[in-house]
Amino acid sequence: MFIPKLYRSEDYNLMKEIIQKNSFALLISSVDKIRATHSMMMLNEDDPENVYIESHISRANPQAKTLKNGDEVLCDFLGAHTYISSSWYDHINVSTWNYEAVQIYGKVELMNDGELYHHLEKLTHKYEKVQQCPVMVKDMGREFVEKEMKGAFGLKIIPTEIFIKQKLSQNRKEQDFRNIISNLEEGDENARKIAEKMKLIK
């Protein structure tokens with residue numbers, strides 16, 4: 001990911017926020033050819049000294065058939081994003097896009113059955129706990145879950161490089177910056193999210 005210095009962030013909490021709120025991300029590999037799978041990802045912080053991404057994809061997925069321990073992959077997370085119209089400036093310029101994104105390069109470490117089971121427990125809890133009648137992994141019975149697990153390919157991604165981008169019109173003068181926020185506040189949910197983020201940086 002190309003990140004001009006103005007838009008580069010080293011904010012670990014921002015990275016966590018983007019990953020937590022945009023967990024359905026792209027798992028990209030190039031072992032035999034370029035492959036990409038949208039998959040649910042979680043940040044594992046059980047050991048603060050060894051934070052990693054955990055995920056799973058279908059064992060029938062061709063990508064799963066190529067990945068092995070030590071292979072390099074890229075996890076791509078896109079946060080809030082929105083169009084910025086050049087009509088919001090007080091001068092002629094080009095339109096652009098404001099957005100937040102995280103890319104994590106890492107080495108694959110395949111999960112064993114115990115790790116995969118625990119991963120599915122945590123993932124299910126994250127999304128079921130807000131349901132009216134939540135169904136947790138423990139409610140399904142271990143025998144059933146272990147049978148279903150045969151079709152899942154669990155993996156951990158140990159980070160080697162982390163890139164955090166926050167492009168929020170930091171290059172605009174004050175009046176244009178304020179005008180962009182005003183227009184975004186009249187837009188859709190993503191536009192309003194970006195407007196709120198912009199208010200926090202200036």
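Lys-197 sits in helix α7, helices being DSSP runs of H or I with at least four residues and strands runs of E with at least two, numbered from the N terminus. This is a predicted model, where local features need pLDDT of at least 70, side-chain atom pairs count only at pLDDT 80 or more, and totals for chains, interfaces and linings use all residues. Residues are numbered from 1 along each chain as its sequence is written, and side-chain values use heavy atoms, with hydrogens and water left out.

**View 1. Lys-197 and its partners.** At 13% relative accessible area, Lys-197 is buried (buried is under 20%, exposed over 50%, partly exposed in between, with a 1.4 Å probe and protein chains only). Its side chain makes a polar contact of 2.7 Å with the side chain of Glu-100. A polar contact here is a pair of N or O atoms within 3.5 Å; within protein, one must be able to donate a hydrogen and the other to accept it, and residues adjacent in sequence count only if both atoms are side-chain atoms. Skip the neighbours within four places in sequence, and Lys-197 is in contact (heavy atoms within 4.5 Å) with Leu-14, Glu-17, Glu-100 and Leu-168.

**View 2. The largest pocket.** Lys-197 turns up again here, lining the largest pocket along with residues including Glu-17, Lys-21, His-81, Glu-100 and Lys-193. The elements giving two or more residues to this lining are α1 (12-21), β5 (72-84) and α7 (189-201). The volume comes to about 210 Å³. For the record, a pocket is an open set of points on a 1 Å grid over the protein atoms alone, where a 1.4 Å probe fits, with protein on both sides within 12 Å along at least five of seven lines; lining residues have an atom within 4 Å of a point. Grid points are joined across faces, edges and corners, and the volume is the space filled by probe spheres set on them. By class, the lining splits into two nonpolar, four polar and five charged residues (Ala, Val, Leu, Ile, Met, Phe, Trp, Tyr, Cys and Pro are nonpolar, Asp, Glu, Lys and Arg charged, and the others, Gly among them, polar).

**View 3. The second largest pocket.** About 150 Å³ of space lies in this one. Its lining has seven nonpolar, one polar and one charged residues, among them Leu-120, Val-137, Phe-144 and Glu-148. Helix α5 gives the largest share, four residues.

View 4. Leu-14, Met-15, Ile-18 and Ile-19 are buried in α1. They span an arc of only 130 degrees around the axis, so they end up on the same side of α1 (the arc is taken from the directions from the helix axis to the C-beta atoms). The face turned away from that buried side carries exposed Asn-13 and Lys-21. At the start of the helix, a side-chain oxygen of Asp-11 comes to within 2.9 Å of the backbone nitrogen of Asn-13.

**View 5. Asn-93 in its loop.** Asn-93 belongs to the loop between β5 and β6 (96-110) and counts as partly exposed at 30% relative accessibility. The side chains of Asn-93 and His-91 make a polar contact at 3.3 Å. Beyond its neighbours within four places in sequence, Asn-93 is in contact with Ser-86 and Arg-172. Asp-113 is 20 residues from Asn-93 in sequence but 55 Å from it in space, C-alpha to C-alpha.
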